[in-house]
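This report describes the fold, the surface and several individual residues of one protein chain. The sequence and the model are shown first, and the account follows.

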Amino acid sequence: YSTSLPMYAASVILLSCSYVFAIPFFRAVMAGIDRSGGVAGASTAFVTVGAAVGPGIGGLILNFGGTFTVLGWMALIMLVLTLLIVTPIAKSVDLSES
């Protein structure tokens with residue numbers, strides 16, 4: 001739903017780069033929390049389920065009168081919530097390594 005091809009291309013590139021950066025970071029935090037590796041190993045399943053369920057939820061929102069702007073704000077809110085949850089955990093894991 002982009003207004004221009006360059007904006008769409010830039011957003012796809014940014015999304016891909018952020019995904020490639022975020023997943024290893026989150027897995028490292030999970031590995032720091034659970035030394036057995038079970039949580040980090042299960043994270044692949046959660047990413048797969050999220051990738052399957054997310055577009056369905058987005059489609060439902062659009063079918064019930066939502067807009068792409070609403071979806072964008074929801075994505076931003078989820079990002080902020082994720083950072084608020086993960087950052088303190090990552091800091092505590094990092095401090096426990098010292």
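## Overall architecture

Helices, of at least four residues, and strands, of at least two, are DSSP runs numbered from the N terminus. On that basis the protein, which is a predicted model, contains 3 helices and 0 strands. Read from the N terminus, the order of its elements is α-α-α. The radius of gyration is 16 Å, well over the 13 Å that the globule rule gives for 98 residues, so the protein is more spread out than a compact globule. The C-alpha trace extends over about 50 × 30 × 20 Å along the principal axes.

Helix α1 covers residues 5–33 and helix α2 covers residues 38–63. Helix α3 comprises residues 68–97.

## Burial and surface composition

Of the 98 residues, 11% count as buried. The protein exposes about 7500 Å² of area, and 78% of this is supplied by carbon and sulfur atoms.

A nonpolar patch lies on the surface, and its members are W73, L76, I77, M78, L79, V80, L81, L83 and L84. Together these residues have about 890 Å² of accessible area. One of them, L79, is located in helix α3. Its relative accessibility is 47%, so L79 counts as partly exposed, given that this class lies between the limits of 20% for buried and 50% for exposed residues.

## The loop between α1 and α2

D34 is situated in the loop that joins α1 to α2.

## Residues of helix α1

M30 has its place in helix α1. Because its relative accessible area is 19%, M30 is classed as buried; the cut-off for that class is under 20%. M30 and S4 are separated by 26 residues in sequence and, from C-alpha to C-alpha, by 38 Å in space.

## Residues of helix α2

The C-alpha atoms of V53 and G66 are 17 Å apart, and the two residues are 13 positions apart along the chain. Where does I57 stand in relation to L71? I57 and L71 are 14 residues apart in sequence, and their C-alpha atoms are 9.7 Å apart in space.

How values were computed:
Residues are numbered from 1 along each chain as its sequence is written. This is a predicted model: local features need pLDDT of at least 70, side-chain atom pairs count only at pLDDT 80 or more; totals for chains, interfaces and linings use all residues. Side-chain values use heavy atoms; hydrogens and water are left out. Patches are made of residues with over 30% relative accessible area and no salt bridge: like charges are joined within 9 Å, nonpolar side chains (Val, Leu, Ile, Met, Phe, Trp, Tyr) within 5 Å. Accessible areas come from the Shrake-Rupley method with a 1.4 Å probe; for residues, only the protein chains shown count as cover. A salt bridge is a side-chain nitrogen of Lys or Arg within 4 Å of a carboxyl oxygen of Asp or Glu. Buried means under 20% relative accessible area, exposed over 50%, partly exposed in between (1.4 Å probe, protein chains only). The radius of gyration is taken over C-alpha atoms; the globule rule is 2.2 Å times the number of residues to the power 0.38.
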